[in-house]
Amino acid sequence: MSRALIELVPIGDVDMEVLDFLALVLPEALPVFCRIRNHPVELEAAYQPLRQQYHSTALLAQLVRSHHNPAAKVLGVTDVDLFIPIFTFVFGEAQLGGTAAVLSVHRLDQRFYGLPEDRRLFLERCEKEALHELGHTFGLVHCSEFECVMHFSNSIEHVDLKSNAFCAACGRIVQDAIARLASAAKTSGRRPT
Ligand SMILES: [Zn+2]
Ligand SMILES: [Zn+2]
């Protein structure tokens, strides 16, 4: 099966083990290749001092500007706390059917909630939210199936309740979108390696 390319871009001082882990598990969940690409993203430009958080849409815009491969998706991964104006916080943001997504691991760590560190749970949550944001870039909207990784999560309890897999309907949409992206990669001669 043809595979599409996902570029993982670290933003700020994010734990690189998270990116290495995602590069390993995303190709097991989806027909994709992953590559970690270092690209300077200006965090300060997205900082909102009143909220002491970073505007995820501003980070997305920088990722889009830096991205010149139409046959790949880009997922920025950061440890800073993200927001969009209508929400207190977001775990991530993505362009629906677009190129870029951003994921914050800030609230995926048990220590954020005053609990002891749980590395396995943390990485599990990172995988779910990475798949969720990438799912949006492949055109998926929120899913009403509680177990589906595309179910909307506005709290960490909801992240833990859903699985790390797409339901059958979402899975079909994402597979089709990836097949189209992979064939675009071939015809444009920019086949991921
Ligand atoms: Zn979502
Ligand atoms: Zn679904």
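## Overall architecture

Residues 24 or more positions apart supply 65% of those contacts in the protein that have a separation of 6 or more, a contact being a pair of residues whose C-beta atoms, placed from the backbone, lie within 7 Å. The model is a predicted one, in which local features need pLDDT of at least 70 and side-chain atom pairs count only at pLDDT 80 or more, whereas totals for chains, interfaces and linings use all residues. Residues are numbered from 1 along each chain as its sequence is written, and chains are lettered from A and ligands numbered from 1 in the order in which they are written.

The protein has five helices and eight strands, these being DSSP runs numbered from the N terminus (helices H or I, at least four residues; strands E, at least two). From the N terminus on, their order is β-α-β-β-β-α-β-β-β-β-α-α-α. The C-alpha trace spans about 50 × 35 × 30 Å along its principal axes. The radius of gyration of the protein is 16 Å, in agreement with the value near 16 Å that a compact globule of 193 residues would have; this radius is taken over C-alpha atoms, and the globule rule is 2.2 Å times the number of residues to the power 0.38. Of the 193 residues, 38% count as buried, where buried requires 20 or more other C-beta atoms within 10 Å of the residue's own, exposed 12 or fewer, and partly exposed a count in between, with C-beta atoms placed from the backbone.

Five strands form an open sheet of mixed pairing, in the order 2-1-5-8-7, with strands taken to pair if DSSP finds at least two bridges between them. Strand 2 (32-36) and strand 7 stand at the edges with a single partner strand each, so one side of each lacks a neighbour in the sheet. From one strand to the next the twist averages 20°.

Strand 8 (residues 100-104) is joined by five bridges to strand 5 (residues 72-78), the two running parallel, and Thr78 stands opposite Ser104 in strand 8. Strand 7 (residues 92-94) runs antiparallel to strand 8 and is joined to it by three bridges; here Gly92 stands opposite Leu103 and Glu93 opposite Val102. Strands 7 and 8 form a hairpin with five residues between them, and Gly97 in the turn has a positive phi of about 65°.

In a regular strand the side chains alternate between the two faces of the sheet. In strand 8, Ala100, Val102 and Ser104 point one way and Ala101 and Leu103 the other, and all are buried.

## Helices on the sheet

Helix 3 lies across strand 1 (4-11), strand 5, strand 7 and strand 8, running at about 160° to strand 8; axes are lines fitted to C-alpha atoms, for helices over the stretch in contact, and angles run from 0 to 180 degrees between N-to-C directions. Helix 5 (residues 168-187) also packs on the sheet, touching strand 1 and strand 2, and its direction makes about 95° with that of strand 1.

## Helix 1 against helix 3

The axes of helix 1 (residues 16-29) and helix 3 come within 10 Å and cross at roughly 60°. That makes helix 1 oblique to helix 3, given that angles under 35 degrees count as roughly parallel, over 145 as roughly antiparallel, 65 to 115 as roughly perpendicular and the rest as oblique. Among the residues of helix 1 that meet helix 3 are Val18, Phe21 and Leu22, and their counterparts in helix 3 include Leu123 and Cys126. Leu123, in helix 3 (residues 119-137), counts as partly exposed, with 18 C-beta neighbours inside 10 Å.

Technical notes. Two residues are in contact if their C-beta atoms, placed from the backbone, lie within 7 Å.
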